[in-house]
Amino acid sequence: MQDPAHHGVVVEPSVPGSPAIEVRDLHKTYKLGEIQVHALRGISLAVEAGEFVAIMGMSGSGKSTFMNLIGCLDRPTRGTYCLDGRDVSRVSKRDRSRIRNQKIGFVFQGFNLLPRTSALENAELPLLYAGVGRKQRIERASEVLRAVGLAGRERHHPSQLSGGQQQRVAIARALINNPSILLADEPTGNLDSRTSVEIMEIFQRLNQERRLTILLVTHEEDIARYAHRMVTFRDGRVQRDTPVADRSLAARILPTLGAADVEAAEEENHEGA
Ligand SMILES: Nc1ncnc2c1ncn2[C@@H]1O[C@H](COP(=O)(O)OP(=O)(O)OP(=O)(O)O)[C@@H](O)[C@H]1O
Ligand SMILES: [Mg+2]
């Protein structure tokens, strides 16, 4: 049964002037039977609204665990997490899901799109779950698909899109609820280098134009250089936290990279479109 105390609870508005994200001494310990895995061992950091932060670090250093906590998919074992000035470290599962729907968009390495389902339908999925009417869903989904450069591809299924285009659909889906924070866990991990820069161009544009706060996990320093700041994890702690000097600008780099393989992929996938 649902806790009646949570009926009608609305996520509180943000506290003006607070960082978008502020964590203090964040710990996460996974228990696997007798074994305890200390995935995070005291992370403290603040991310201002409109910042674009790259999270780096070796495999197993706790990056995805951290993203899951920031995305309110999980709760810390110890420590606090304030989102827009509100402590969300101890809120119920139900409220966490509400916060997620209102404030957070996720993009993953593997795109996680539904096959045999159009780009439009994939993008509008969160609205469908939220009970938004068809007309509004189509309008909003068309708008976010346009924002990621996919106008004209609304009816394509994932198999009829290139990898970069599939990732754009996933970004559109993440944007559909107009979140203030975008969390991306290795979004370019499956993409070639030009396509990765195209995705970074979208992120930089969203960051600048919509003042979207972005946390991006990547193994590649080249990709991290599109962010404002690089935070490196090691064994569940912050090892380094430095501004990116001489930041890469995707919009300037793209024209120097030559023709896209995107066109080739489009040709290939044209039949049945
Ligand atoms: N659900 C889980 N249950 C138990 N242990 C987990 C769980 N998720 C992660 N871990 C462990 O926590 C540690 C941190 O994992 P995490 O996935 O956060 O690393 P990561 O930095 O994202 O690594 P990668 O770069 O390989 O994605 C690892 O030792 C991992 O085995
Ligand atoms: Mg990971």
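The protein chain has a mean pLDDT of 91, and 90% of its residues reach 70 or more; pLDDT is the predictor's confidence in each residue, from 0 to 100. This is a predicted model: local features need pLDDT of at least 70, side-chain atom pairs count only at pLDDT 80 or more, and totals for chains, interfaces and linings use all residues. Residues are numbered from 1 along each chain as its sequence is written, with chains lettered from A and ligands numbered from 1 in the order in which they are written.

Me: Which element gives the largest share of the shell around ligand 1?
Reply: The surrounding residues include Y30, L32, V37, A39, S59 and K63; each has its C-beta atom, placed from the backbone, within 6 Å of the ligand. Elements giving two or more residues are β1 (21–32), β2 (35–47) and α1 (63–70); helices (H or I, at least four residues) and strands (E, at least two) are DSSP runs, numbered from the N terminus. The largest share, three residues, comes from α1.

Me: How many residues of the shell around ligand 1 are polar?
Reply: Ala, Val, Leu, Ile, Met, Phe, Trp, Tyr, Cys and Pro count as nonpolar, Asp, Glu, Lys and Arg as charged, and the others, Gly among them, as polar. The shell has four nonpolar residues and one charged. The polar count is seven.

Me: Are α5 and α6 roughly parallel or roughly antiparallel?
Reply: Helix α5 (residues 163–175) and helix α6 (residues 193–209) pack at about 25°, with axes 9 Å apart. Axes are lines fitted to C-alpha atoms, for helices over the stretch in contact, and angles run from 0 to 180 degrees between N-to-C directions. Under 35 degrees counts as roughly parallel, over 145 as roughly antiparallel, 65 to 115 as roughly perpendicular and the rest as oblique. So α5 and α6 are roughly parallel.

Me: What is the handedness of the crossing of α3 and α5?
Reply: α3 and α5 pack at about 30°, with axes 7 Å apart. That makes α3 roughly parallel to α5. A crossing is left-handed if the near helix is turned anticlockwise from the far one by less than a right angle, and right-handed if clockwise. This one is right-handed.

Me: How many nonpolar residues are in the contact of α3 with α4?
Reply: Helix α3 (residues 119–129) and helix α4 (residues 134–147) cross at roughly 120°, their axes within 9 Å, which makes α3 oblique to α4. Contact residues include L120, L127 and L128 of α3 and I138, V144 and L145 of α4. One residue is polar and three are charged; the nonpolar count is nine.

Technical notes:
Two residues are in contact if their C-beta atoms, placed from the backbone, lie within 7 Å.
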